Amino acid sequence: MDIATIVQVIDSTLRLATPLLFACLAGLISERAGVFDIGLEGKMLIAAFTAAAIAYVSANVWIGVGAAVLASMVLSLVHGVASITFRGNQLIAGVAINFLAAGITVVIAQNWFQLGGRTPSLTGDARMARLQLPFADAVRDVPVLGPVYSGILSGHGLLVYVAFLCVPLTWYMLFRTRLGLRMRAVGENPAAVDTAGISVVGLRYIGVAIGGVLCGLAGAYLATGLSAGFVQEMTAGRGFIALAAMIFAKWRPWHAMGAVLLFGFLEAVANRFQNIEILGVGVPVQAMQALPYVLTVVILAGFVGKAIPPRAVGTPYVKEH
Amino acid sequence: MSTKARIPHWADVTLVPLVSIALAFVISAVLIWAIGESPWDAVKMMVEGAFGSSYGWGYTLYYATNFIFTGLAVSVAFQARLFNIGGEGQAALGGLGVALVCLYIPWPHWSVALVAASIGAAVFGAAWAFIPGYLQAKRGSHIVITTIMFNFIAASVLGYILVNILRPTGSMDPASPRFAPEIALPKLHEMLALVGIPFSRVPPVNISLLIAVGMCFVVWYLLWRTRLGYQIRAFGESEPAAEYAGISPVRITIYVMLISGGLAGMMAVNSVMGEQQRLVLNAVEGAGFIGIAVALMGRNHPFGVVLAALLFGFLYQGGAELALWTAIPRELIVVIQALVILFTGALDNMVRIPIARAFAAVRAR
């Protein structure tokens, strides 16, 4: 394997990790606030469709991104109404959201574009442009720095950089601001927060809404950056990989970045090579695909350090009278 | 929970699901109208397509058979307040069990093969559910997450086995060889012909329908007439109370998941042995997930599951007809399914509280 291949694989790792990172942080914030979100997949999917459809119609990718965020937030609102206001089962709400998105994207795509549930391919300004970082061309031939800076770090869509910027932002928000402290408290012990006179419902809605924004960006990047258009079921389980990464990271932002980079790398390797040999043993491509899920089960089983979710996650808060 | 609205039992099992499904249908009708089709014509076409001929009935019942199995699987787990979202993977593994039994043992007659395949399907499905069950019981790993993960792992495992092991040499298709024609299951038209009722020969509905109905009785008996069933329900009502009464949470969790996985796996008898007669990559086609909607609508009772499975069988067959004759894609059914799950499962209180208020108002008068 030569340097160029390695650079390519790491380059595509960053791209593949981006939607995972957004979705993973979305789930992380929502669950820190005490709301399970297995609807990440559906929110990403509806965002992917909306981004592609609106970007195509308006020929402007950023209008598409904005619309995607709105669409994802509508589903977040449904999630919030069901699981916060009506204290319904958060998991079932998530399942419903996934199916709702899977169905409605195809129904509308077929109605608008008559392409069998796809959107037309995006070209020009409807696609997310790849940014060249300053001096990327100048240092291209410098050893080490060239491949890392020009080959790997430079040349991605804006949302890739935004995603990685969201990691410190999420960390800061959760662990260094008053809102973050309250949000974490609402995920651990909502009664205490309520006693302090702070709205549990309000905080949980904020958590779910932030999750909606991030899932919107995840889907938008998927459809306009990673691919050039929407196809049916294009999230292909990424929402669940993000969920896996969140557990893998034990609900911590920096670790989440590590986890999505690992899972993105696995996907990049599986995409690049059909047959992988490790120590002379052929590894089937299916094993690479299954690895994130297997790792998550192992972590959940507590064999390698136990993953303990926020204590109140999944339980609707019932005010005492 | 003290906030649980008080409703008479009969209203709880009939009114609440009916209002939920009505809401789901109303929203779907708005969607159909919004994409420029007539909801009324769509309903007529669906009813005509699903119930207007023995051909339609045959497909409706074929789908319903799948959904009875997966609906029962989710229901049994729900009775113990476990959310088994892994029916999809368990049914996929059940398909593998059926394929191995049918491919590698030369059965003399379909009836023996059917019994063996049912056992194979149940054992494989149960084995796939055992690991999440064990991890939940012993290590406290959240069963919803592990069963989701196991759905994906099942897809990979099945993909590997089909491509590398079961696929006949020279075939490009990731699918097993065909099963021997001698063990093809009798279709409903053959069975009805014995009593002189004519029925379409085309639909794949087969003798597994009777097995599905039989399993409903078995599950009902198990849950409401046996000691284990009592323990399962007690555990579902209150885990601390059950534990205090000497019921082992570990044992119940693992048993429930084995039963649930076995039922989900048995779906493969209908789809793999009854219809395709070979194992293909995506034999389950989402039926594992529909089981969630069926269980929620059927209020986790076998009788309710049969009705809900018929409803979804109708939606699937009717939806296929719609996609064939109108511009409404098949995925409309997925939207309806999502809305049913949303209203019966997550927005339960939204439906329940007004009904409870109505009852309270009537009582107060």
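Reader: How many helices and strands does chain A have?

Author: Chain A has 12 helices and four strands, where helices (H or I, at least four residues) and strands (E, at least two) are DSSP runs numbered from the N terminus. The model is a predicted one, in which local features need pLDDT of at least 70 and side-chain atom pairs pLDDT 80 or more, whereas totals for chains, interfaces and linings use all residues. Residues are numbered from 1 along each chain as its sequence is written, with chains lettered from A and ligands numbered from 1 in the order of writing.

Reader: What makes the radius of gyration of chain A agree or disagree with that of a compact globule?

Author: For 321 residues a compact globule would have a radius of gyration near 20 Å, and chain A has 20 Å, so the two agree; the radius is taken over C-alpha atoms, and the rule is 2.2 Å times the number of residues to the power 0.38. Along the principal axes, the C-alpha atoms of chain A fill a box of roughly 70 × 50 × 40 Å. Of the contacts in chain A between residues at least 6 apart in sequence, 76% join residues at least 24 apart, a contact being two C-beta atoms, placed from the backbone, within 7 Å.

Reader: Is A:A51 buried or exposed, and how do you know?

Author: A:A51 has 36 C-beta neighbours inside 10 Å and therefore counts as buried, since the cut-offs are 20 or more other C-beta atoms within 10 Å for buried, 12 or fewer for exposed, and anything in between for partly exposed. By that rule, 53% of the 321 residues of chain A are buried. A:A51 is placed in helix α2 (residues 40-58) of chain A, and, leaving aside residues up to four places away in sequence, A:A51 touches A:G64, A:V65, A:A67, A:A68, A:G219, A:A220, A:A223 and A:T224.

Reader: What does the contact take from chain A and from chain B, and which element gives chain A's side its largest share?

Author: The contact takes 37 residues from chain A and 37 residues from chain B. On the side of chain A, the elements giving two or more residues are α3 (61-85), α4 (90-113), α10 (238-248) and α12 (285-300), and the largest share, 14 residues, comes from α4(A). The residues on that side divide into 24 nonpolar, 12 polar and one charged, with Ala, Val, Leu, Ile, Met, Phe, Trp, Tyr, Cys and Pro taken as nonpolar, Asp, Glu, Lys and Arg as charged, and the others, Gly among them, as polar.

Reader: What makes α3(A) and α4(A) roughly parallel or roughly antiparallel to each other?

Author: α3(A) and α4(A) pack at an angle of about 150°, with their axes 9 Å apart, the axes being lines fitted to C-alpha atoms, for helices over the stretch in contact, and the angles running from 0 to 180 degrees between N-to-C directions. The pair is therefore roughly antiparallel, because angles over 145 degrees count as such, those under 35 as roughly parallel, 65 to 115 as roughly perpendicular and the rest as oblique. The contact is made by A:L75, A:V78, A:H79, A:A82 and A:S83 of α3(A) and A:Q90, A:A93, A:G94, A:I97 and A:A101 of α4(A), and these residues divide into six nonpolar, four polar and no charged.

Reader: How do α8(B) and α11(B) pack?

Author: Helix α8 (residues 208-225) and helix α11 (residues 249-276) of chain B pack at an angle of about 165°, with axes 10 Å apart, which makes α8(B) roughly antiparallel to α11(B). B:S208, B:I211 and B:M215 of α8(B) meet B:L263, B:M266, B:V269, B:N270 and B:G274 of α11(B) in this contact, whose residues divide into five nonpolar, three polar and no charged.

Reader: How do you know whether A:F135 and A:E233 count as exposed or partly exposed?

Author: A:F135 has 12 C-beta neighbours inside 10 Å and so counts as exposed, whereas A:E233, with 15 other C-beta atoms within 10 Å, is partly exposed. A:F135 is found in the loop between β1 (130-131) and α5 (145-153) of chain A, and A:E233 in the loop between α9 and α10 of chain A. Most residues other than glycine have a negative phi; yet phi is positive at A:F135, near 65°, and at A:E233, about 55°.
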